[in-house]
Amino acid sequence: MMVKTRMFPLLIVSALAVMVYFIFTLSRSQPGNHQHLYPHHISDQSITPVNDTKHFMVGAYKEHRLEGSFVRIISIFRRDSVQPLYCVFYCGSHWANGMKAEVQMHSDHFGFRFVTTDVLCPNLPDCNPSHVTLATQADAKLAQNQTFLRIQNQVKREEEEFQFNFTVCWSNLFGDYNNVLQVTQTLEMYKLLGVQHVVVYNTSCGPDLERLLQSYTQEGFVEVVPWPIDQHMNPSRGWQPSEHGGDIHYYGQLTTLNDCVYRHMYQSRYVLLNDIDEIIAPYQHQTLPQMMDVLQRQNPKAEVFLIENHIFPKSQFEPSGRFERPRWRDVPGINIMEHIYREEPDYRIYHPSKMIVQPRAVEQTSVHSVLRNFGQTVKVPPNVCHIIHVRVPLRGGLTKEELHEDKRIWGYERQLAPNVDKALEKAGLLI
């Protein structure tokens, strides 16, 4: 009897503890209680619609370079449908009611309906945000069920802490592009030139190129970012809406370039912005690190380096046939080692460049130049560095005798050719 009497108070205490736990849990789950809740929906997509608008969020990044505390959301906005928007933060332990967003549409849109846009979200002093979303109303309670983005670049790393020295950001893949041999040769060339990381935003590509990219992804050299923009709008295959139609320039090329810069702002010392069929090649140095060390010493305040595009017509072949390798005959794509004749640019008309940038100096970028940056821009002389771009001729009327012989790619032959073989074998693309 005495044991039962002692047990009774313990049973009461245990029952009360269970009741308190259930009441506390229930109170946390009520819609009216918006404290200490975690976001219900966190995006795992590269393109996230903004509720009740015609706009899309792509990536959210803490901004360390501006006066004040901001989060920058790389976005895609419909130009004819801009409306007041609010940034709603989840602050790690509580919600913050929305602050009015500052919408900065980029100047380059080429007349398309949709434009790459930066949304600057001012941060509140008592909030250390981990997630953010855009909403049409400022009330955090109403925004809790929307989809939030994880805020990246939370830590401002110093250069010695960066994971990569050189990263290449390729413009979008779309359609049935299956240029396997040229892509393999380009990737292996970039390895020899000192690049550690290549990023490609992929809407679609051919089956063989898909296998190749998967192989390089497993190796850790390539990062493929899914880019399903065709599920949200009608992307254009060109740069002029009057000629190519569609809602946005080249499948959102400008948005992906800007997002890639911000993704690697505190991961890579330099970022190369160029197309998949282009190689930014040094001509007075063996590697890109060697070249950039010299250029940086000569131009200590420069952080954007413009590199001239030089076209090597794929219609002109070197005559010896020394690189007609039997093992490559059945691999789809262009063999860039056979094309050593280079067009002289016509400097009387606009001649585009691509770029090597320190991403921390870039606020907004276009394809051929930055739109806003914090440092100086330098045009690199073509005898120091230019792009090897094997493609259809730009100046189709030139004969072989009027082209320049340029065997720069052959300087890497001894390592390049066997490395290409190994990469194709690894991907199961050599018979």
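The face of helix 8 turned away from its buried side carries Arg414, Lys422 and Lys426, which are exposed (over 50% relative accessible area, with buried meaning under 20%, partly exposed in between, for a 1.4 Å probe and protein chains only). The model is predicted, so that local features need pLDDT of at least 70 and side-chain atom pairs count only at pLDDT 80 or more, whereas totals for chains, interfaces and linings use all residues. Residues are numbered from 1 along each chain as its sequence is written, and side-chain values use heavy atoms, with hydrogens and water left out.

**Helix 8**
- The buried residues of helix 8 are Leu416, Ala417, Val420, Asp421, Ala423 and Leu424.
- Seen down the helix axis, these buried residues fall within an arc of 165°, and therefore line one face of helix 8; the arc is taken from the directions from the axis to the C-beta atoms.
- Helix 3 (180-193) and helix 4 (207-219) are among the elements that cover the buried residues of helix 8.
- Gly428, which follows helix 8, has a positive phi near 75°.

**Helix 3 with helix 4**
- The axes of helix 3 and helix 4, which come within 9 Å, cross at roughly 20°.
- Helix 3 and helix 4 are therefore roughly parallel to each other, a term for angles under 35 degrees.
- Their contact (heavy atoms within 4.5 Å) is made by Val180, Val183, Thr184, Leu187, Glu188 and Lys191 of helix 3 together with Asp208, Leu209, Leu212, Tyr216 and Glu219 of helix 4.

Methods
Helices (H or I, at least four residues) and strands (E, at least two) are DSSP runs, numbered from the N terminus. Axes are lines fitted to C-alpha atoms, for helices over the stretch in contact, and angles run from 0 to 180 degrees between N-to-C directions. Angles under 35 degrees count as roughly parallel, over 145 as roughly antiparallel, 65 to 115 as roughly perpendicular and the rest as oblique.
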